[in-house]
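Here is a short briefing on one protein chain. Look over the fold before reading on.

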Amino acid sequence: MEETSREAVATAVQRVAGMLQRSDQLDKVEQYRRREARKKASVEARLKAAIQSQLDGVRTGLTQLHSALLDVKDIQGSLADVSKDWRQSINTIENLKDVKDAVVQHSQLASAVENLKNIFSVPEIVTETRELIEQAELLQAHRKLMELECSRDDLMYEQYRMDSKNTSDMNLISNYFEDVQGLSDELAKQLWMVLQRSMVTVRRDPTMLVSVVRIIEREEKIDRRMVDRKKQTGFIPPGRPKRWKDKMFEVLEGTVSTRIEGTQSVTREADKMWLVRLLEITRKYVLDDLIVVKNLMVQCFPPHYNTFNRFFSLYHNAVSIRVTELASEDLEANEIVSLLTWVLNTYKSVEMMGHPELRSECDINQLEPLLPQHVVDDLLSKYVKTFTSNITGWLRKALETDKKDWQKETEPEADQDGYYQTTLPAIVFQMFEQNLQVAAQIDGDFKEQVLKLCLKQMNTFLIRYREEAMAYKEEHLRDRQLPQCYVQYMIAIINNCQTFKESINSLKRKYSQSSEPTDSDAAIERTLNEVAKEGCQFLLDEVFLDLEHHLNELLTRKWLTGSHAVDTICVTVEDYFNDFNKIKKPFNQEMTSEALRRVVVEYIKAVMQKRITFKNADERREGAERMIKEADQFKFLFRKLAAGEDTDRLCGAIAAIAEVFKLTDPTLLFLEVTTLVSKYPDIRFLSVYIQMWPGTARDAGWELSVRTVWD
């Protein structure tokens, strides 16, 4: 309270200070005082009113509690009186047993009188009902059937109430109404027949289907009523509960299953594409039927049946069972792909379950997989195994076909740029492309798996390709006249390596999401380079076999006296390289550089072998000038053939050696040789014995011999 008082005083001081901030406000002090007095009086009045209201409420509550206490005492007295009267009436109730029996008997007699007309007309009603069933008047037939069953059930119920152990009377009633059960079975057969043809019936006469559903609904109500009565009395009529609703769904499920199973119209023996046709027919049937269910059949069933979702599940389960059966068969590789593509892609696409007309009624993402994952994995594993076996055979056949082409007497075909090629790369990568396209239809991971498998098989195939190219060369060396187009087909083999590289890169860009190189990539690149380089080497071997005789003439006495060996070498090389121009880059350029290197090597070998001894300085100068001239010939030729920037350097080695030969001052020999070795480190001079000039020079041992080691 003290703290509250202090807070109030502080608040008041603050308010007064706010009112009297200026001197002119002092004149209004009296006015402020009266206003605050009025506010205080108003607050006090409200407080008094609130307290008075609370007091009145308490007073009213006490009055009501007192009244309730009096009521409780009155009720206690009444309950005591009721208990006393109930104990006194027990004996009176036992004395009314005879009245109770009379009531039961009266009820039985009343039921018998009520059903007397129906009892006598049972044979007639049975006949009418049977005729109505035969005429497909199902609603009227069911109405009469219910009348018969009602009469029978009421009689049996009354008999059960009167004497439940009297089986003879029960049997008498049952025998009299024995045709009723037969009528019920006949009507049920008609109902199931209509349901089995429901997809056709709903298009032609939906009222028939509606009638069937109404009959089943009536029977469901009767079943529930009979089951409830059994809980109370222990009696249930024969044949109850019929459970026609459950039977209806069983029939519909069987109808759907039969419709799916009946889609196979052909076999593998009759048609290689039997599975594709079967799956397409299944897709069409399922889609058409579900659209009919959505647009027509839903209206024929009560809303609480959830008809569309029920049929959707039935078709899904039936299709799942069917494709599981297909998966268990001995499928070929293309059939496995067709099945998995249909299961994993087509089934949930807009072409089937995801169709726009069905999408609003169901969520396809909630569907269970058609095939268990382990079945899918088994099929994929089987496909990979079959594919590996098939592609090995395909590659072997493709290579055998290409080898036959190598023996032809006509040149291979050229591509649009004029480069020789065979059909092998196109055939191989067409096979890969087709299988990757198929694998891509299944899923991305499987596509990557098939691509890796293709590259692995490609590496194995290229090793075999290399072996066959070597065998092709060995066969040619046994008889160089055969095959007639050896050079052209070896060029095609080299070009195929470049085509293989380009095709592999194209496949990876198109079908792989990863840009990281794999072990197969490195192995393929290495093998292709080896095949191409060995092919180039084989062709150069062919060239130098033709040049062998002319190369042997170099640096001989015949050469010095005017041989045309170098002219012939240049013409022969140029002639061969007219064909070698059909080799793709970069192998063309590498081959030209290698040809120049080998020519220079052979020339320097001729120098080393000391095939000629110059008689005098004039001969030495004449030989050196001839070497320089021939080096220029080689330089001109290989510049023309675009050997690259090494042309001048390699041909310059010949000219540099010639300059050594031209020396006449022995004191300069060491300096020139040192300069030559430093400029051309690949040429290592082990000894120098050049015949500088005749007479005293020879006697003094001035001979220069050049030995070289070419890396």
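Which residues make a nonpolar surface patch of about 210 Å²? Val16, Leu20 and Val29 make it. This is a predicted model, where local features need pLDDT of at least 70, side-chain atom pairs count only at pLDDT 80 or more, and totals for chains, interfaces and linings use all residues. Residues are numbered from 1 along each chain as its sequence is written, and side-chain values use heavy atoms, with hydrogens and water left out.

**Overall fold**
- The protein has 26 helices and zero strands (DSSP runs, numbered from the N terminus: helices are H or I, at least four residues; strands are E, at least two).
- Of the 711 residues, 42% are buried (under 20% relative accessible area; exposed is over 50%, partly exposed in between; 1.4 Å probe, protein chains only).
- Among contacts with a separation of 6 or more, 74% join residues 24 or more positions apart (contact means heavy atoms within 4.5 Å).

**Helix H9**
- H9 covers residues 206-233, 28 residues in total.

**Val16**
- Val16 sits in helix H1, residues 2-19.
- Its relative accessibility is 43%, so Val16 counts as partly exposed.

**Cysteines**
- The disulfide count is zero (a disulfide is a pair of cysteine sulfur atoms within 2.5 Å).
- Cys150 is partly exposed at 39% relative accessible area, whereas Cys454 is buried at 1%.

Methods: Expected span 1.5 Å × (residues − 1). Patch = residues over 30% accessible without salt bridge, like charges linked within 9 Å, V, L, I, M, F, W, Y side chains within 5 Å. Areas by Shrake-Rupley, 256 points an atom, 1.4 Å probe, with all protein chains shown as cover. Salt bridge = Lys/Arg side-chain N within 4 Å of Asp/Glu carboxyl O.
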